[in-house]
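Subject: Structure for you to look at

Hello,

Here is the structure I promised to pass on. Please open it first and keep it beside you while you read the notes below.

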Number of protein chains: 2
Amino acid sequence: MTQLLIQRFSVPLEYPVVFTRDIFAAENNALADAISRREPQRRQRCLCVIEARVAELWPDLSARFSDYVRAHSGTLEQAAQTLIIPGAEECKNDPEALGKLHAYFEAARMDRHSTVIIIGGGGLQDLVGYAAATTHRGVRAVRVPTTVLSQADSGVGVKNGVNAFGKKNFLGTFAAPFAVIVDPSFLRTLPQRDAVAGMAEAIKVALIKDPAFFAWMRAQASALAGVEDEAVSYLVRRCAELHLTHIATAGDPFEFGSARPLDFGHWSAHKLETMTHHRLSHGEAVAIGIGIDTRYCVEAGLLSESDAESILSLIEQLGLSLWDSALEREGPTGLEVLHGLEEFREHLGGELTVTLLDGIGQGREVHALDLGLLKKSLSYLRTRARRPKSAVHPSTSP
Amino acid sequence: MTQLLIQRFSVPLEYPVVFTRDIFAAENNALADAISRREPQRRQRCLCVIEARVAELWPDLSARFSDYVRAHSGTLEQAAQTLIIPGAEECKNDPEALGKLHAYFEAARMDRHSTVIIIGGGGLQDLVGYAAATTHRGVRAVRVPTTVLSQADSGVGVKNGVNAFGKKNFLGTFAAPFAVIVDPSFLRTLPQRDAVAGMAEAIKVALIKDPAFFAWMRAQASALAGVEDEAVSYLVRRCAELHLTHIATAGDPFEFGSARPLDFGHWSAHKLETMTHHRLSHGEAVAIGIGIDTRYCVEAGLLSESDAESILSLIEQLGLSLWDSALEREGPTGLEVLHGLEEFREHLGGELTVTLLDGIGQGREVHALDLGLLKKSLSYLRTRARRPKSAVHPSTSP
């Protein structure tokens, strides 16, 4: 009596990721081309949301956007005044931000073929991307990420989201952006602390996927620590490529399975961000998370001391910390950070899956971590953090 | 200086649609099998949301669900008490309903591999499906649609959504359900008015895709009007098949383009629902919408009078109306219903695309409607609605 149909289909997704400079120069067609690529014959309605911090650093950005639209009036039409709102985790924690964006899109009569241009870091991209993905079941979003982290990693990918119930990214969707424009000019005005923090994701992806990229980062450590334009542009470009290739080829772009190999070092990073109320930025937390899992690999006999040292010392050379006092905080059932493991499992669902390293450039998945070894790793990092600074650098030479 | 990468990948989606009876009979494995099919070795955490109207008609449903989970305790585990909430458009208009569901899922510690079972009509499916799709970027949703409309049409598809700013489905996503279980037992307790209204979508899909199905409906008109079990079960099954095949094969399952051929008769239907504050149900509005566009096809010389008569008289024989006084309502710029055309365009975006008929079973897309001919069609339907009832039936014989 029971009859079964299997419904089976694929959703083909495609978007350009354009690396360019001076996105709003009138003669730069990158943005206009990306927006109008599907219907070159009609004028595209678009509007722009800019992160407040970016708008402060680039006070003429909103006017330059409007000028750009006017200069491309054959293909573009501005649908509403540019909206300037806070970004970072602050905006993802604001329970009213999402509804305000929906109202803004509604008032501008955005439809599924209109385009929202999102200029800002990863937090703003996540919030506005989520609002766009849920309006009319998806208006077009063009991401213009403005930080090292978002240009190299999250901003070129397919996730969006906001925080709720104290949980990072509790709400969100998977949605391909309509296009991504990466303009390294924006990195010039980043505070050094933020720029360097964003490099943690590049270390992470290099460690899992690309030993040559890791070697390059070590060779360029001082240029990267100084946020030198050429080095940072290459880092962003290579990291974005690795991220895009992973999404396209790893077979599970919308993460229906339990594995998330690009999340090396992330189980503790997510927890540290929440525990510190985002005093630690995502990148800073990821740097510490990489440190914890790297040392764990040594304790578990997976990774050599010298490989681990090359990782930890690169993080330190960039000026990132491997330790935070939050790691010592005790909860009702032991060290609070260790709860991050269960929360990490819960967010993705199914079995716990953590990526570790079998060597530089070689990830491996495991389904349990040994708490004893984890505590040893934490204790190693605490001791290391207490070494006098001068003791650090000599030990980093290979 | 500008460099371009094209990111291209496909997201493979697959879900079973199971036609069965007595879903919660302990010996019926359909639901347990569907939930555990990806990880048969582990217990699946699940919970159930039931539409209040369904829970009233089936007072032991919540207990039967819990008994079913206990009877399948090797594969299933109930994660929280069953939630009973209002359904229909009412729930899609309630601005607090979505947040309450998110809180319910959070309290039950639902993760991306947990399952929400949704028992109710299309409105509840849309709301709870949207809440599930946005929690952790998508917890699993098993749809158990309980109305003719949702079993035959929306409940087996990939859309969800809620209303906002007075616009139907202003917020929502495309998301494949994890499984759909169609149990025609639920139709036994449907009010006749609701059962028959749901058949409007079957008429629609038959008119666009399947002339044999349309002929079958005409032959079975009195059995369908009487909501006879065998006839309604076949209608639901065939309509669901046509809907699923369209999604899988028409090449645009997430509707990135401008065409929506399955929406014959829908531009005015959506508007009529809003204009009447849902006094007209979706199915009732679709019946009128089909009537308007069918008559338009005659006025435009696309469809013969006799084909149109077979359509209009089938709608009447089912007991559905072809007219509503809201069609006469004047807005600031003319007949209010005609604004539905622009709202229809806006929801999908891009160019206006409306499906018309070249004949029974043969849809064709057009990008503009002639307002003069539309007014003639409305006037025809108004006159027809004023005919004495007795005059209707003789003219319906072929």
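**A hairpin in each chain**

In chain B, strand β12 (residues 354-359) and strand β13 (residues 362-366) form an antiparallel pair with five bridges. Two terms need explaining here. Helices (H or I, at least four residues) and strands (E, at least two) are DSSP runs, numbered from the N terminus. Two strands pair if DSSP finds at least two bridges between them.

Before going further, note that this is a predicted model, in which local features need pLDDT of at least 70 and side-chain atom pairs count only at pLDDT 80 or more, while totals for chains, interfaces and linings use all residues. Residues are numbered from 1 along each chain as its sequence is written, and chains are lettered from A and ligands numbered from 1 in the order in which they are written.

Back to the hairpin. V354(B) has V366(B) in β13(B) as its bridge partner. Two residues lie between the strands of the hairpin of β12(B) and β13(B), where G361(B) has a positive phi near 90°.

**How the two chains meet**

How many residues does each chain bring to the contact between A and B? Chain A gives 55 residues and chain B gives 55 residues. Two residues are in contact if their C-beta atoms, placed from the backbone, lie within 7 Å. On the side of chain A that touches chain B, the elements that each supply at least two residues are β1 (3-19), α5 (97-107), α6 (122-134), β8 (167-171), α11 (229-249) and α15 (339-348). The most comes from β1(A), with 17 residues. That side of chain A is made up of 26 nonpolar, 17 polar and twelve charged residues. Here Ala, Val, Leu, Ile, Met, Phe, Trp, Tyr, Cys and Pro count as nonpolar, Asp, Glu, Lys and Arg as charged, and the others, Gly among them, as polar.

Chain A is superposed on chain B by a rotation of 180° with 0.0 Å of shift along its axis, at an RMSD of 0.0 Å. The two copies are thus related as by a two-fold rotation axis. The C-alpha of V11(A) is the nearest to the axis in chain A, at 2.5 Å. Both copies use the same surface, since 100% of the contact residues of chain A recur in chain B. The superposition is by least squares on the C-alpha atoms of residues with pLDDT of at least 70 in both copies.

One residue to look at is H136(A), in the loop between α6 and β6 (140-145) of chain A. Is H136(A) buried or exposed? H136(A) is buried, with 25 other C-beta atoms within 10 Å. A residue is buried if 20 or more other C-beta atoms lie within 10 Å of its own, exposed if 12 or fewer, and partly exposed in between, with C-beta atoms placed from the backbone. Leaving out residues up to four places away in sequence, H136(A) touches D111(A), R112(A), F170(B), H347(B) and G349(B).

**Two helix pairs in chain A**

Helix α13 (residues 282-299) and helix α14 (residues 305-317) of chain A have axes that come within 9 Å and cross at roughly 170°. That makes α13(A) roughly antiparallel to α14(A). Their contact residues are eight nonpolar, two polar and two charged.

The axes of helix α12 (residues 266-275) of chain A and α15(A) come within 8 Å and cross at roughly 105°. α12(A) and α15(A) are therefore roughly perpendicular to each other. Among the residues that meet are W267(A) in α12(A) and F344(A) in α15(A).

Axes are lines fitted to C-alpha atoms, for helices over the stretch in contact, and angles run from 0 to 180 degrees between N-to-C directions. Angles under 35 degrees count as roughly parallel, over 145 as roughly antiparallel, 65 to 115 as roughly perpendicular and the rest as oblique.

Regards
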